[in-house]
Structure formats: structure tokens, C-alpha cells
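This report describes a two-part view of one model, going through each chain, selected residues and the contact in turn. Please read it alongside the sequence and the coordinates shown here.

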Amino acid sequence: MTKAITVSGLHKSFGRTRALEGLDLDVESGEVHGFLGPNGSGKSTTIRVLLGLLRADSGAVQVLGRDPWTDAVEIHRRIAYVPGDVTLWRNLSGGEVIDLYGRLRGGLDARRRAELIDRFELDPTKKGRTYSKGNRQKVALVAAFASDVDLLILDEPTSGLDPLMEEVFQSCVAEERDRGRTVLLSSHILSEVEELCDRVSIIRKGRTVESGSLADLRHLTRTSVSAELAGPPDGLAALPGVHDLEVRGNRVRLQVDTDRLDAVLRSLTDSGVRSLTSTPPTLEELFLRHYQKDATASAGAVAP
Amino acid sequence: MSSTSSAFSAFAVRPAAARQLAGTGTLLRLALRRDRLLIPVWIAVNALMVLSMPGTLDSLYGTPAERADLVRQMETNSSLRAMTGPVFGDSLGALTAWRAGVYAAALAAVMSLLIVVRHTRDEEESGRQELVASGTVGRRAPLTAALLTAAVADAALALLLAAGLSGQGATGAVAFALGVAGTGMLFATAAAVLAQLTESARLARGLTAGLLGAAFVLRAAGDSATADGSSPLTWLSPLGWQENLRPFAAERWWVLLLIAGAALLQGAVAYELTGRRDLGMSFLPTRPGPATGRLGTAGALAWRLQRGGLLGWSIGFLLAGLVYGGMTEGAADLVGDNEQARRIIERMGGQAQLTDAFVASMTGMLGLVAALYVVGAVLRLTGEETSGRAEPVLACAVGRLRWAAGHLVIAFGGAVWILLLAGAGYALAYGKDPGGVLGACLVQVPAVWVIGGAAVLLHGLLPRAAVAAAWGAAGAVLLLGWVGPALDLPRSVLDLSPFGHLPKVPGAEMSWGPLVVLCLIAAVLVAAGLAALRRRDMTT
């Protein structure tokens, strides 16, 4: 499989602020890749480097097999970008802006444009200043989805969309994937990422901390188990990988490293299982684990 | 229930006017905090210009005889009067009021209109006002705070001017200072009205500046026609009121009442309008646009964004050309038929020479103003970039040079276009020597381009500072051109302005050398600016 985006060891500083410190990112062609990180972790900076708007201080960056700084225009013919905060010209209508972006990218599918305007319930005759935040976002989304491109770069594209439109957005991304297009989706809405993305990269303070398929990532984390047993549990606490064990009579709640699940289940069946729920970790837990590590680390840094 | 109703009645008991103004003090402090650099710089430039005048004039016209000679010269030379207004006395104070009055008032007007639009329509357009207005802020508080901010600035300027000029006579100094500050408030309130009528801060600023330009042209036309400021054209212009106050020369205090009355009237209109409209909306409704668009290139987008502004400048320059052209014929006419005036004119090179000098100085003035157009048009690049609208365009298949090129063609080509229009209007109204008049306009182009080139370089190198620095450069050149010669500044300072190197055609010898050099400098500045733009990070 070819790579749509490869980034390794990317550094970028603004004066004394170090925005990116050795970021790695690999996006396979044809996948929907989730790009996660807390506010200020460097997601938008990375995306601007990928678009050739910022120049990398060091590190290797390739987008569609080319250098985004030197070959920006060639790459951009095959890219559609949606920023997180869309600003429009106050005296241009939404329809004019959609067509402008489409033509500047080198083509717009008129049928798809009409269909998308309908699905997103966008009024294309309104002027830039009269759109709400969500509607400005829709203008950029319609322009992106109606463009004939290979790679979509979406930077928190659904901020401001209502839940119905969020659903339309998700189905649009799914259609793009079905057509074989690649999508890099930076998002804070974890359910959206969980629903859409084949693989995710989580970044923190300008570095990639996790990358892989959701299944891979889940494997690295803990599953919650709660069970009602026939008799008192035995020897659970001694098992490796068991955390936060709570025992109340015959009821047990615990967290277990997912790769140690086997031994725990065996131990539970030894005592006789009446009922069992096991929840795989949500992306939110994954995310929070890294986020809280971040908070702990910075708290540690403050202490002398 | 009873507690709610008592809360409501407590609310109703508060006087309506006080509720409408709630939060004004906080907003005023916010505005002064945001303008803590802007206002002092404007005041300092204005005061320095005025307060350096008496000393300079003293060194140039030290003896009463020299001053009397100057006064007589002004009575005969209508082209000089068009530049500065008539002179009403031969004291140093009266000469200062003559030489600096119009420009000090115009600078105060620009400062005031910028302050008012910045704290009213700009705030609404950007959406910041919405959050502010959700606090305990009355409907009329933002406008009140903006006008008070302008009033604070104008009052500080007046204090400085009155104190600085008091050596020339306290009465005259107070009259001069009040005239300047009053003109400032006149345009502050005009801007307040226009900020209610338009939805765009850019348009509100443009329209108010257009009013100021019209006031300048009217006053110049009136003053070239009469030697004592009594022309109806002069009285139509607020800048004419300032001069007819006659500081240091038997002040006519009642003119201040005219200024104050007009300012109060405009303020009342703005208050009435602001109380009646929705936040962010204007009285000129937004019409829906087309559902599909034909814009397809970065150049077409640039044209779409700039064509309105260029249209405004075109109208202004055409009208200015027509007015100045109409004045030219009479420029060398003698006022009265006295022998001494005839001798002065002969000494200055005869009638034809005087007319040529008038054409040269009027077109020179238009050239200086065209520098403001080119800076504004180039800085659209900066505006597009910092507002975030450039980013999605540059994320399409549009290189940075292509993106910039559209705006630059409009800026540099537009400068030629508006000067051509002014020249055409001038030649039409003057009716003689169309070639000489058009040439005098076009000869300004290289100097205008140098200023535009400086703005391109600033945008390429220092995008965050470009707006302030480029306007500062254009303003400095404008001041040098207007009052530099009268200030008796050293040649090396005057030479800093590209306009100082232009041949004074018609009349003076045409010399191509400086024009070629200025064009080359402009080309180098643009090329360096574009090279820097290609290499740097885009600001977000």
C-alpha cells in the first residue's frame, strides 16, 4: 500500500515556542486516519506544514509523494482542505465561494455539489457575513466533498455542526472512503473518530504518542470487567495486569490490561460465573490516559 | 412571584437613559487601553508639525516687511492659497494658523474617524461586540465610549496645541486649538453616523475619508477663488470653517458654534440610529447573492474584492481633477489691479509660468494622495492573510505569487488608472494643454509605485507590522510633501520622499533620469517583497 502522507521527525518552532518536536505521521492511501490531540498539541501546525503554508524546521515530510513546501501547487490540485474556523468574504455568496474553491482546485462535480448542498441544507445565496458558524463550515465542506481530489485534509471540520449535520458529515466521509480517497481527520469528537477512522495517531506536545488501528490501540489498554460469581473470587489480586480491583461479596469489578484478559477470565470461571460484562476501552479512555499523563507530567515539571 | 415583580419594577425605576449607557466607563477604559499607542502617536505627529511652525516661519520671514510681503504674495497667488488657505494677519501666530491650520485639522479628522470606526463598526463586524454587548452594556454605550475616546484624544491634542502656541498669544492659541479639535469631533460624529449606515468598517472609513477629501477639495477651490475665505465653496467645507475662525487675527468665535452645532447634530443622528437597529446590522440591507459563481481564479477574486474600493477612488480622483482643472484658469489672475502684485508675478516668472506651477503643485498633491490608494490596495494582501481567508485559497492549486499578483496588478495598475482619470478630468475642465496636464499626472506614477513597493516589501518581510509601517511610511511622505517645504527641513530629509525627486512639470524641465531610477527602485522593492513572501511562513 502506498502512503498518502509520511512525516518523520518533524520539528517546527515559532520563536521560542516549540510547536512540533519530532512528530511522526503515516497515512496510508485510501484510509480514513484520525488525528487526535489536546488543544495546542500541534495538530493545526502539522496540517499547515502538510499544506506548505509553514516550512518545516527539520524532518522529512511527503504528501502524495512530494515535498509540500516546494511542490505546493501540484499537490494542492489533488487536495481539498477544510479549516476548523472558516472565514468567508463578507460580500460573496456561499455558492460563489464553493465554486471558487472548486475551480481553484481544478474542478468541481456539479451534480455532487447540488446533492451536497441539498443534504447539508445549505442556502448558497446568502452572503458570507450572514452565515452562522455551522453554515460557514458547511460551505467549506460542500466545496471539499464536491471537489475531484485524492486527499481530504479536515481540521476539526464539524465544530459548529448540529447532530443531524454531523451525521450527514459522517456519511460523506464514509462515501469518500468507499471511493478510495484518503482522509486525514483531525477531531475532538471521539465518537466520530471511532465511527469513521481506520487508524488513529494521538499527539501530545508536538510528538506522536500512539499510532495504529483502534484494535491495536485497544490492545495496549485496559478492559473493564464486572461479574457476579457463584462464590467469592479467589486469587484475582495476585494475577498480573489486574488494577482497581473491587470485591463486594460475590460481585467483582476490575480493570485488566487487555493482553492479560485470558488469565482473569479463567480465574473467574473457576469461581463460577453468574453474569459478566466486559467493556473494551473507549477511545475517550485512550485519549484521557494520554491527556492525564500530560497533566501529570506538567504538574511534575512545576515541582522543583 | 412577588420577588420577580419587584425585581422587574426595580429595573424599570432606573432611568432609561442610564440603562442605555450602562458600561460606558468600562468600554472607554478598554478603548483607551487598546489605543494607548495609536492616539499618542497621532497627537505627537500633529503637535510636532504645528509647534515647529512658528520657529520655522520666524527664520524664513523674520522681519515685519518680509511678512507683509508674504501676505501680499498670498493675496495674488491663488494656487498657494488652494494649498494652504488665505492668510489673515502678519503675526507669527496668524502665519502658523495659515500654514498649518488646514493640515492640523485634517490630521485630527483622520485620527478621530479612525478611532470611532475602530470602536464601533469594526467591533461589530468582527463579532467581538456580541460578547461585550451580552454583558451589562447599554445599547448606546459602545457608540458613547467611541465618541468619548475620540473626544479624549482631541482634547489632549487641543491642550497640547494651546499650550504650545500660547507664546504667540493665548487667545489665538485657544481659538486655533479649539478649531482643530472641533474639526476632529466633526469627523468623529460623521464617522459615527456612517458606521450606523454601513455594515463594513472598511466602507465606513472610506466614506468618511471621502467626505474629508471633498471638504479639502471644496476649501481649495473656494480659497483659490477668494483671498479672504469668503467663497461659498469654502463655507461648504468644514476645513473652511476652521480657517474662517481666523485664529490670531481678530478671532470670529461664532464659527466655533457652527462647528459645535454641526458635530452635535451629527452625534444626535448617530445616537438615534444606533438605538433603532439590530446589533451587527445596518440600515442598508444585505441582498442575497447568486447561488453559483463565476469566479475561478485568484486574480478574479482579487478584482472582486478590490473593485468597489477602486471605483470610489476613481470617482474621487475624477472629481478632484475636474475641480482643480476649473480653478487653474484663474490661478494667475491678479487680485485687484495693483502694480506691486503685477511685479511679484513677473518676478515669479510671468502668468504662464504661474499657471504651470499651479498645475504642477495640484497634480503633485494628487500624486501624494494616490500613494494612500496604493498602500491600501497592497495591504489587502495582509488583510486576507491575517483574517484567515488566504489560507484556504493557498491550500488550493494557487501559488503564493499568483495569489499576490492579482492584488498587486490592481494596486499598481489602479494607481496609474486613477491618476489618468484625474488628469483627464483636469484637462477637460481646464480646456488647455491636455498633454502637459496628463504628463504632470503620470509623472507621479514612479513615486507612487515606490511607496507601493515599500508596502509589498513590508508585507513580505514583516506581515505583522506591515499595516502600521506601510501607513506610517505613506503618512510621512504625505506630511513631507504638504508641509515639508514650509518647515525648511534639510534637503537630505526632503529627499527621503520619492516625490521630492519628480520633475515639476509642466513648467520645469522634464527629466527622465529620476523617473527611471524610481521605477527601478519600485521593481526591486516588489521583487524583494515577493521573494520574502515565498520564503516565509504564512501567518495564521
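The expected span used here is 1.5 Å times one less than the number of residues, and helices (H or I, at least four residues) and strands (E, at least two) are DSSP runs numbered from the N terminus.

## Basis of the model

This is a predicted model, in which local features need pLDDT of at least 70 and side-chain atom pairs count only at pLDDT 80 or more, while totals for chains, interfaces and linings use all residues. Residues are numbered from 1 along each chain as its sequence is written, and chains are lettered from A and ligands numbered from 1 in the order in which they are written.

## Chain B as a whole

The secondary structure of chain B consists of 26 helices and zero strands. Its domain assignment, with bounds that come from an automatic or database source, gives domain 1 (27-284) and domain 2 (296-540), and the centres of these two domains, taken over C-alpha atoms, are separated by 24 Å.

A compact globule of 540 residues would have a radius of gyration near 24 Å, and the 25 Å of chain B agrees with that; the radius is taken over C-alpha atoms, and the globule rule is 2.2 Å times the number of residues to the power 0.38. Along the principal axes, the C-alpha atoms of chain B fill a box of roughly 90 × 60 × 40 Å. Buried residues make up 51% of the 540 residues in chain B, where a residue is buried if 20 or more other C-beta atoms lie within 10 Å of its own, exposed if 12 or fewer, and partly exposed in between, with C-beta atoms placed from the backbone. Among contacts in chain B between residues at least 6 apart in sequence, 78% join residues at least 24 apart, two residues being in contact if their C-beta atoms, placed from the backbone, lie within 7 Å.

## B:Gly164 in helix 11

B:Gly164 lies in helix 11 (residues 141-165) of chain B and counts as partly exposed, because it has 19 C-beta neighbours inside 10 Å. Leaving aside neighbours within four places in sequence, B:Gly164 is in contact with B:Ala47 and B:Leu51. B:Asn244, 80 residues from B:Gly164 in sequence, is 21 Å from it in space, C-alpha to C-alpha.

## Chain A as a whole

Chain A has ten helices and 13 strands, and it is divided into domain 1 (3-217) and domain 2 (222-280). The centres of these domains of chain A, taken over C-alpha atoms, are 42 Å apart. The C-alpha trace of chain A spans about 70 × 45 × 40 Å along its principal axes. Of the 304 residues of chain A, 42% count as buried, and among contacts between residues at least 6 apart in sequence, 70% join residues at least 24 apart.

A:Val7 is found in strand 1 (residues 3-14) of chain A and counts as buried, because it has 24 C-beta neighbours inside 10 Å. Not counting residues up to four places away in sequence, A:Val7 touches A:Leu23, A:Asp24, A:Leu25, A:Gly59 and A:Val61. A:Leu268 is 261 residues from A:Val7 in sequence and 45 Å from it in space, C-alpha to C-alpha.

A:Gly22 belongs to strand 2 (residues 17-28) of chain A and is partly exposed, with 13 other C-beta atoms within 10 Å. With residues up to four places away in sequence left out, A:Gly22 touches A:Gly9, A:Leu10, A:His11 and A:Arg207. A:Gly22 and A:Ser8 are 14 residues apart in sequence and 7.0 Å apart in space, C-alpha to C-alpha.

## The contact between the chains

The contact takes 34 residues from chain A and 29 residues from chain B. On the side of chain A that touches chain B, the elements giving two or more residues are helix 2 (72-76), strand 5 (79-82) and helix 3 (94-105), and helix 3 of chain A gives the most, with eight residues. By class, this side of chain A has 15 nonpolar, seven polar and twelve charged residues, where Ala, Val, Leu, Ile, Met, Phe, Trp, Tyr, Cys and Pro count as nonpolar, Asp, Glu, Lys and Arg as charged, and the others, Gly among them, as polar.
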